Amino acid sequence: MEKTLIQLEHIHKSYGKQTIIEDLSLEVRDGEFLTLLGPSGCGKTTLLRMINGFETPDKGEVLLDGVNQVAIQPNKREVNTVFQSYALFPHLTVRENIEFSLKMKKVDKNEIKERVDEVLELTNLEALASRKPGKLSGGQQQRVAIARSLVNKPKVLLLDEPLGALDLKLRKQMQIELKKMQRRLGITYVYVTHDQEEALTISDRIVVLNKGNIEQIGEPFEIYHSPKTEFVASFLGESNFFEGKYENGVFHYGDAKIPVEANGTKDANLLSVRPEYININLGKTEENALEAMVTEVTYLGQTNRIELKLKDGKKVYALSEIEELEKGKKVFLTFHSKECTLLKKQEQ
Ligand SMILES: Nc1ncnc2c1ncn2[C@@H]1O[C@H](COP(=O)(O)OP(=O)(O)OP(=O)(O)O)[C@@H](O)[C@H]1O
Ligand SMILES: [Mg+2]
């Protein structure tokens with residue numbers, strides 16, 4: 001599992017005068033589900049295209065299993081790509097779509113049948129093998145697109161927002177299926193999404209990208225609970241940010257002293273606290289509690305999302321199950337000291 005399969009080394013890429021990626025290095029481990037997560041335009045697709053060979057880096061190297069890929073044609077690389085638009089052949093059946101590339105490569109007839117049967121089973125498409133794409137649902141079409149890639153037995157499967165066109169429910173089902181399939185196959189997946197929840201659910205590791213730079217690489221839990229930058233804290237989930245200064249276990253925000261157990265950088269000027277780590281108290285139970293007023297209550301089912309305003313006018317979001325909270329109520333906020341993250345403010 002720890003073996004490195006793909007190495008991107010000091011990659012630079014510009015389009016005209018616009019620098020998209022500047023000195024990016026990244027290692028993908030053999031057999032892992034790695035997700036590239038970042039906002040639209042940050043360079044996710046560009047990175048994938050340098051791995052599959054549709055784009056060449058201006059500087060830097062792409063290695064697969066230690067072999068430099070730059071001179072290798074896209075169709076000769078042991079990499080397959082699944083795109084958001086599946087581009088299935090409408091006049092061919094599911095089976096014919098899947099076997100197409102093997103026929104082009106003149107693979108032996110019996111082997112084709114064997115390999116196609118295998119992926120049909122794996123992707124749960126056996127019953128649909130003789131249908132044409134027009135008579136399949138979006139999720140089924142997506143499975144055919146994946147099957148068509150898997151039949152080539154790639155070392156790496158690149159998936160560029162493959163679930164983007166599906167509705168939320170189907171998307172969630174497909175996330176679980178994709179993950180299961182990947183575990184069974186042991187193929188390395190490099191998956192692109194700008195959906196943070198999807199990234200947290202599906203990945204072994206997440207690479208958070210911002211304007212072509214890696215902000216942080218880590219397991220989902222680590223990225224969510226120990227964001228290293230303001231960008232990561234705000235891009236993954238919701239967070240409250242307080243500007244101030246950290247000193248010896250205390251974050252000074254205005255006159256308030258917020259006790260924190262150092263998690264992050266000691267020369268912090270920004271404190272990040274997720275809504276679920278703010279306690280709302282009806283009385284002033286602690287000297288350090290921040291006084292606030294409830295400005296909005298939204299029912300989320302199991303819990304309520306509470307919008308509050310501090311005395312200085314700052315808006316804060318918290319989650320709470322307390323029933324007495326209503327608009328205009330005065331409350332006191334305390335934070336889970338272990339779940340606060342100390343950060344340096346970033347230029348936006
Ligand atoms: N062929 C091209 N020529 C010129 N500029 C390009 C080209 N391809 C991409 N770009 C630019 O490079 C930047 C990164 O694009 P890229 O497609 O990698 O973003 P992305 O992260 O995949 O975004 P999205 O989530 O919207 O798909 C964008 O500013 C885009 O306009
Ligand atoms: Mg893209």
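1. The shell around ligand 1 in this predicted model divides into 3 nonpolar, 7 polar and 1 charged residues. Here Ala, Val, Leu, Ile, Met, Phe, Trp, Tyr, Cys and Pro count as nonpolar, Asp, Glu, Lys and Arg as charged, and the others, Gly among them, as polar. The shell consists of Tyr 15, Ile 20, Gly 38, Ser 40, Gly 41, Cys 42, Gly 43, Lys 44, Thr 45, Thr 46 and His 194; a residue is near the ligand if its C-beta atom, placed from the backbone, lies within 6 Å of it. Helix 1 (residues 44–52) supplies the largest share of this shell, 3 residues.

2. Residues are numbered from 1 along each chain as its sequence is written, while chains are lettered from A and ligands numbered from 1 in the order in which they are written. As the model is predicted, local features need pLDDT of at least 70 and side-chain atom pairs count only at pLDDT 80 or more, whereas totals for chains, interfaces and linings use all residues.

3. The protein has 8 helices and 21 strands, which are DSSP runs (H or I, at least four residues, for helices; E, at least two, for strands) numbered from the N terminus. Its C-alpha atoms fill a box of roughly 80 × 45 × 35 Å along the principal axes. Of its 348 residues, 35% count as buried, that is, with 20 or more other C-beta atoms within 10 Å of their own C-beta, placed from the backbone; exposed means 12 or fewer, and partly exposed lies in between.

4. Contacts (C-beta atoms, placed from the backbone, within 7 Å) with a separation of 6 or more are 67% between residues 24 or more positions apart.

5. Helix 5 (residues 168–185) has 18 residues and reaches 26 Å from its first C-alpha to its last, close to the 26 Å expected at 1.5 Å a residue; the expected span is 1.5 Å times one less than the number of residues. Buried in this helix are Met 174, Gln 175, Leu 178, Met 181 and Gln 182. They cover an arc of only 140° around the axis, which puts them on the same side of helix 5; the arc is that of the directions from the helix axis to the C-beta atoms. On the other side, Lys 169, Ile 176, Lys 180, Arg 183 and Arg 184 are exposed.

6. Among the elements covering the buried residues of helix 5 are strand 3 (33–37), helix 3 (109–122) and strand 8 (188–193). Gly 186, which follows helix 5, has a positive phi near 70°.

Note on methods: Contact = placed C-beta atoms within 7 Å.
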